[in-house]
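Q: I'd like to learn how to read aromatic rings in a protein model. Can you walk me through it?

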Amino acid sequence: MADSLKILVLHGYRQNAQTCKEKLGAFRKGLKKLPFEFVYITAPNKIPCNDRGVVEGSNEYGWWFSTEDDTYDPLTPTDVTKGFGESLEVVKTTFNDKGPFDGVLGFSQGACFLSILCALREQGDLQFKFAILVAGFKSRSTSHGVYYSTQVKFPTLHVFGDTDKVIPKENSEALLQHYSNTTILNHPGGHFIPTQAPQRKVYTEFLQQFIADT
């Protein structure tokens with residue numbers, strides 16, 4: 001048995017590795033009895049300006065932009081995937097340099113990105129045993145449609161909230177049709193990673209199968 005499971009973490013839009021690590025504090029604490037090593041990376045695309053007018057000194061990043069002027073709308077169809085190739089290279093380099101990884105966890109845009117990595121994993125381009133998609137959804141970029149033609153058969157955990165206003169629940173549910181080995185955690189909250197006792201139980205039961213398998 002390995003000392004721990006190694007899990008790559010993909011942050012949400014307008015986050016970075018450090019802010020994602022901070023937001024996952026309660027999640028890690030709730031699973032502290034399980035042997036994990038989390039690896040956090042920052043997306044390569046810096047957000048130059050947000051809707052609060054912050055231009056300089058911003059430390060917010062995204063995995064790609066859906067417009068040519070470096071903004072991102074998760075739910076609007078687009079032909080733009082600006083920065084996506086660079087993000088894919090960052091992930092592949094991380095797998096080579098810091099892997100192997102047992103699993104990948106993604107939040108929001110990071111979960112959308114992870115849905116694409118799941119397809120690449122099924123095609124043999126990446127190797128990991130499981131995926132955890134929190135507030136996941138299908139990319140609306142037309143060139144990403146090819147990634148949803150592959151049925152994902154390895155184990156995945158899908159987490160989404162009834163009152164999520166950023167990624168409405170039905171968008172996470174629509175992603176499920178592309179997966180055949182799913183565990184679903186539908187919680188009553190919003191756009192965050194839930195960490196109450198009922199949710200911790202689901203995480204623990206899902207992850208223990210891979211700990212026993214290492």
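This is a predicted model: local features need pLDDT of at least 70, side-chain atom pairs count only at pLDDT 80 or more; totals for chains, interfaces and linings use all residues.

Q: How is a pair of aromatic rings described?

A: You give the distance of the centres and the angle of the planes. Here, a search of the whole structure turns up 18 aromatic pairs. Tryptophan 64 and tyrosine 72 make one that is edge-to-face, at 6.0 Å centre to centre and with 85° between the planes.

Q: Is tyrosine 72 buried or exposed?

A: Tyrosine 72 is buried, because its relative accessible area is 15% and the cut-off for buried is under 20%.

Q: What kind of pair do phenylalanine 84 and phenylalanine 113 form?

A: Theirs is edge-to-face, 5.8 Å centre to centre and 75° between the planes. Phenylalanine 84 sits in helix α3 (residues 84-98) and phenylalanine 113 in helix α4 (residues 109-122), so their pairing ties together parts 29 residues apart in sequence. Both of these phenylalanines are buried.

Q: Which residues form one aromatic cluster?

A: You'll find Tyr13, Trp63, Trp64, Phe65, Tyr72, Phe84, Phe113 and Tyr147 in it.

Q: What about charges? Which ring does lysine 138 sit over?

A: Look at tyrosine 148: the charged end of lysine 138 is over its ring, 5.4 Å from the centre. Then find phenylalanine 101, where lysine 6 lies over the face, 5.9 Å from the ring centre.

Terms used
Residues are numbered from 1 along each chain as its sequence is written. Side-chain values use heavy atoms; hydrogens and water are left out. Rings of Phe, Tyr and Trp (its six-membered ring) pair if their centres lie within 6.5 Å; planes under 30 degrees apart count as stacked, over 60 as edge-to-face and the rest as tilted. Buried means under 20% relative accessible area, exposed over 50%, partly exposed in between (1.4 Å probe, protein chains only). Helices (H or I, at least four residues) and strands (E, at least two) are DSSP runs, numbered from the N terminus. A charge sits over a ring if NZ of Lys or CZ of Arg is within 6 Å of the ring centre and within 35 degrees of the ring normal.
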